[in-house]
Amino acid sequence: MSNNDHTGSQSALSLKNDNQTTDLPSLIAVSSLNIKQDDPTAFYRHRANDFVMLHEQVQTSVELLDSLESFLSTFQRDLSAVSGQISSLQDRSKEIENRLKGRRKIERPLSNLISEISISPTLTEIILDSEVGEPWLTAIPELAHRLDALEVRSRVKATRSIGEVAEGLRIMAANKLRVFFLGMFQPIRNSLSTNIHIIQTSVFLKFRPLFLFLLHHASPVATEIQHAYIATARLYYETGFRRYIRALNWIKARTVERSEMLGAAEKTEEQPIEPVRLSNANIDGPSVTLAYMADNKSHKEPIEALFRSALLVLMDNGTAEYTFINKFFDPGVADTESSILLSPRASIFNGDIPSEFRASNFSEKTRTGNDTSALPTSMATQSSKEYAALSDGIWKQIMEPALEYCQTFTRGILDPPPPIIPSLTMIRLLENTLGEVQKRHCPPLETFILGLRLTLWPVFQKDMNAHVESVKKLVDGAGSAGFLSSKPTVRDTLVQSVAHRYAVLFTSFVTLTENEEETMIFSNLSRLRTELSRLIISQSSKAKDTARSALFQSTMYESLVQSLSAGPGPLTHPKTQSEIAYWREREEEARRRIASTRR
């Protein structure tokens, strides 16, 4: 080995010692360079261990790579499986979320369904184990709600088993309510002194929700109760009005007033004008006659006061009954917490008149009653007509005997015809009563009062014609009086009496007539005035000279003016002023004639 080789070997070794971290390929390269210079084979033999180590390292690396490849393949397969599972979980999560949304969507309707069709033990206990009372006012509407819900949900399987229980409760409730309502009519049948309107307000209307339940869920029972009430109320009013009208007839028989003609020749005592009697034309007038007053044999009432008592008692009881019928039996009337019901005058036939028995107690809602605002216009109109026909039919069945008794009493008053002023007083009372009945909304009673009014007007007109004819006969008698005349002589006192009666008649008519344009009244008065003027002139013509004739006319005209001014009619009424001016002008003409004869 040369020095160069030795030097190279040392250099290589020094490199190995100096830098232990030198890369193996570099060492091999350096060694190969040195060995190749001598012997290429020796070089490989000399570095055999290194190559073996290198081979082992390469083999290890290959194995590691194979293991890594196998691991990566396994990881990829696992990752694919995990990815599939995640995808499956995502799909399942979406499915669960959709199912949750669906369940949340049906949660409220399902809860409402369960609450609607389920029947609580408390409700069952009230209906099965308790008698009808205030707890039923809440239990029965709840049962009605359950029955309606079960009917609507009849296709749901769960409602079939519950429906059997609900049907049993319905039958039990209907039986108990039937006994309850029929039992409430018994006190009225047993004692007619019972105030039916107090029972209607405090009991019947209070338990009206129970009757509505029967009306919708047990209509045969509701019909039976309705018929039982009609029979009971009819008996009540029939007996009450029969006794009351009988008492009025006893009082009427004690005072007999006949219609005396204005030109009657008989000498009668002049009766002063009584404003109290004229006030009988008003609803808010004197107190009504009570039934027990007939027991006092000295008690007397004018005919128009008795007629007013009968009419007002009929009005108060009739309108109160119609209001109750409209609120209790009419299914179209909504329930209200408080109901305003006009109680009848004098506890129907006896007792004092409470201050609340007035038209102001009728609210507008009570008058109209039917709640059809939620219906279409055509349906609301049809329903209102049906409800009105139902109420009218029930009212007529109940009040028919009372109307007949009042009709008979009116016929008795008109036969013989009453005096002309009471006759007009009763007509005005009918007109005022008709207006009040219209305010209280009782159509069948309106029809009855209109019939009475149409009955009285012909009697009044016939009486007025008789008065005019009686004065006309006096005029004919005054003009044809003489030695050869068969007619009675008309005296001055009779003419004065006729004039006074005319003044009383005129002022009374004006008091009873607010409308100055009422033709039927003032045209008849005009006819009477014409005949009275003729009578005065005809009577004055009997005087021997013109001065006495004019003096008689002046005296009569002055008497008429004084009588007309004395009232009781208001002097501010245009017809009163016109009438006074008419006779005052005649008086002035007579005075001028007297003055001209004295010159």
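**Helix faces and aromatic pairs in a predicted model**

The buried set in helix H5 (residues 121-129) is Leu123, Ile126 and Ile127. Seen down the axis of H5, these buried residues fall within an arc of 90°, so they line one face of the helix. The model is predicted.

**Helix spacing**
- An α-helix has 3.6 residues a turn, so residues three or four places apart point the same way.

**Overall make-up**
- The protein has 21 helices and zero strands.
- It has 599 residues, and 41% of them count as buried.
- The accessible surface comes to about 33,200 Å². Carbon and sulfur atoms account for 54% of that surface.
- Take the contacts between residues at least 6 apart in sequence: 79% of them join residues at least 24 apart.

**Aromatic pairs: Phe204 and Phe324**
- The count of aromatic pairs comes to 24.
- Phe204 and Phe324 form a tilted pair, 5.8 Å centre to centre, with 40° between the planes.
- This pair links distant parts of the chain, 120 residues apart. Phe204 sits in helix H9 (residues 196-204), and Phe324 sits in helix H13 (residues 303-328).

**Aromatic pairs: Tyr557 and Trp583**
- Tyr557 and Trp583 also form a tilted pair. Their ring centres are 5.6 Å apart, and the angle between the planes is 35°.
- Tyr557 lies in helix H20 (residues 546-565) and Trp583 in helix H21 (residues 574-598), so the pair ties together parts that are 26 residues apart in sequence.
- Tyr557 is buried, and Trp583 is buried too.

**Charges over rings**
- Arg529 lies over the face of Tyr582, at 4.0 Å from the ring centre.
- Lys575 lies over the face of Phe522, at 5.1 Å from the ring centre.

Conventions. Residues numbered from 1 in each chain as written. Predicted model: local features only at pLDDT ≥ 70, side-chain atom pairs only at ≥ 80, totals over all residues. Heavy atoms only, no water. Phe/Tyr/Trp six-rings, centres within 6.5 Å; stacked < 30°, edge-to-face > 60°. Helix = DSSP H or I, 4+ residues; strand = E, 2+ residues; numbered from the N terminus. Buried < 20%, exposed > 50% of the residue type's maximum accessible area, 1.4 Å probe, protein only. Lys NZ or Arg CZ within 6 Å of the ring centre and 35° of its normal. Arc of directions from axis to C-beta. Contact = heavy atoms within 4.5 Å. Areas by Shrake-Rupley, 256 points an atom, 1.4 Å probe, with all protein chains shown as cover.
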